[in-house]
Amino acid sequence: MNKVSPPAPGASGSGDSYLPSHGNSGYRVRHYDLELDYRIVSNRLSAQARITAVATQALSRLSLDLAGFRVSRVQVDGRAARFTRGVDKLHVKPAKSLPAGAEFTVEVRYVGNPSPISGEWGEIGWDELTDGALVASQPVGAPSWFPCNDHPADKASYRVAITTSSPYTVLVTGNLVAQRRSASTTTWVFDRPEPTSTYLMGVHIGRYEEVDLGGGRFPQRAAVPARLRRPFSRDFGRHAQMMDVLEGHFGPYPFGEYVVVVTDDPLDEPIEAQGLSVFGANLIDGRRTHERLVVHELAHQWFGNSLSVADWRHIWLNEGFATYAEWLWSEASGEVTAAGMARQWYGRMAGLPADLKVADPGVDRMFDERVYKRGALTLHALRTRIGDERFFALLRAWALEHRHGTVTTDQFTALAEQASGESLADLFTPWLFDTTLPPLP
């Protein structure tokens, strides 16, 4: 893969090996404070964003990712700043240059009709539903609704306030801390204290009823259309057991709540966000047909959300781990063992082209099935090699040591060698860095 040159100080472009045009150099964000007023019928969003950041180098200018809005005002540290618009960028020139190490705030007022961002993965970001809206941002959709530094490694805390029509329920990836009702609208205020990647922030607006998912240590609940309550209760009936199984394998759940949203519209796939997962109505049938997806999205709360990739080429650390969680749940629930699942999927992978490196699949194949399944097979090969005791101790240590941080493949392989007490290059090289599918242990 061609190397990407680092951007100039304060320039747009993050240096991510797959998505170099997303994210921006020269600063790190600490906190986003978003005030949003959304009109459902007209799909009109009026907003103000206050971004607190720290300059990592001297800055005479800086850029933010933002698509499709009219910007009326930008201030830096309370002073008016000059700004220009690119296609998906907001370029800002502060009245006074910022020294390296300085904390500063950028305030942006903007308005428009939010829409998803088109790309090779389809339409991603803020999207209208038949009756409401949702945000699904992985990997590039965050700029469709707020100005940000859209790089997975720049994790920040959030406060999000959304005002909309009172008959609708609002859910944001955070803890509900306030709710204020006026004559016809309600303002919902959410706090997300844990460091969170921009693509993991979601908004869901719809006519929902609340359903308890069980479990007592922290809130676990769902927002479901009334017509789907009965089949949902069947499909998610084993959620509490799933949480127990995953906590047993991965360690304590990393957030203060878990929320499931079921839209009244169909979705191609469920989507994870920080402390929240969203499923389409088409995935609810009352027969547990899609139960593997329920555990897959839950597992992402550890691997993908708490532990976020430092660069998109490491995406197998999200998807391979969540896929292996499906196999662990199958084993724990008395169905096919993880070894049996590995044999089944190995047979399928053996019939596909051997032209993908799991640890560096390429931007056009980030979400290729082989990243998911060969990633899970890598973990099963490791489990077979080092034994269950050391393998599951490794997973718990991995989740704990990097809790709310960013991770790379090299960090995982180094920790695995430390946990096993031996070199594992002969295992990881063929499974992660070669295209040919190695023998299944």
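Tutor: Start with the classes used for lining residues. Ala, Val, Leu, Ile, Met, Phe, Trp, Tyr, Cys and Pro count as nonpolar. Asp, Glu, Lys and Arg count as charged, and the others, Gly among them, count as polar. Keep in mind that this is a predicted model.

Student: What is the volume of the largest pocket?

Tutor: The volume is about 920 Å³. The largest pocket is lined by 33 residues, and Asp 268, Glu 269, Pro 270, Ile 271 and Tyr 372 are the closest to its centre. By class, the lining holds 14 charged, 13 nonpolar and 6 polar residues.

Student: Which strand gives the most to the lining of the largest pocket?

Tutor: Strand 10 gives the most, with 7 residues. Other elements that supply at least two residues include strand 11 (132–136), helix 3 (291–299) and helix 6 (369–386).

Student: Now cavities. How many of 30 Å³ or more are found in the whole structure?

Tutor: The search finds 3. A cavity is a space where a probe fits but cannot get out, whereas a pocket is open. The largest cavity has a volume of about 50 Å³. Among the residues that line the largest cavity are Val 135, Tyr 199, His 204, Ile 271 and Leu 276.

Student: Which strand gives the largest share of that lining?

Tutor: Strand 20, with 3 residues. Strand 11 and strand 21 (276–279) also give two or more. The lining has 8 nonpolar, 3 polar and 1 charged residues.

Student: How is a pair of aromatic rings described?

Tutor: By the distance of the centres and the angle of the planes. The whole structure has 27 aromatic pairs. Take Phe 218 and Tyr 253. Their ring centres are 4.7 Å apart and their planes are at 10°. Planes under 30 degrees apart count as stacked, so this pair is stacked.

Student: Where do Phe 218 and Tyr 253 lie?

Tutor: Phe 218 is in the loop between strand 17 (209–212) and strand 18 (220–224). Tyr 253 is in the loop between helix 2 (239–250) and strand 19 (258–262). The pair therefore ties together parts that are 35 residues apart in sequence.

Student: Are these two residues buried or exposed?

Tutor: Buried means under 20% relative accessible area. Phe 218 is at 9%, so it counts as buried. Tyr 253 is at 3%, so it is buried too.

Student: What kind of pair do Trp 316 and Phe 412 form?

Tutor: Their planes are at 75° and their ring centres 6.0 Å apart, so the pair is edge-to-face. Trp 316 lies in helix 4 and Phe 412 in helix 8, so parts 96 residues apart in sequence are tied together. Trp 316 is buried, at 0% relative accessibility. Phe 412 is also buried, at 0%. One aromatic cluster includes Phe 218, Tyr 253, Trp 316 and Phe 412.

Student: Which charged end sits over the ring of Tyr 168?

Tutor: That of Arg 207, 4.4 Å from the ring centre. The charged end of Lys 373 sits over the ring of Trp 345, 4.3 Å from its centre.

Note on methods: Residues numbered from 1 in each chain as written. Predicted model: local features only at pLDDT ≥ 70, side-chain atom pairs only at ≥ 80, totals over all residues. Heavy atoms only, no water. 1 Å grid on protein atoms, 1.4 Å probe; cavity = no way out; pocket = protein on both sides within 12 Å on 5 of 7 lines; lining within 4 Å. Points joined across faces, edges and corners; volume = space filled by probe spheres on them. Helix = DSSP H or I, 4+ residues; strand = E, 2+ residues; numbered from the N terminus. Phe/Tyr/Trp six-rings, centres within 6.5 Å; stacked < 30°, edge-to-face > 60°. Buried < 20%, exposed > 50% of the residue type's maximum accessible area, 1.4 Å probe, protein only. Lys NZ or Arg CZ within 6 Å of the ring centre and 35° of its normal.
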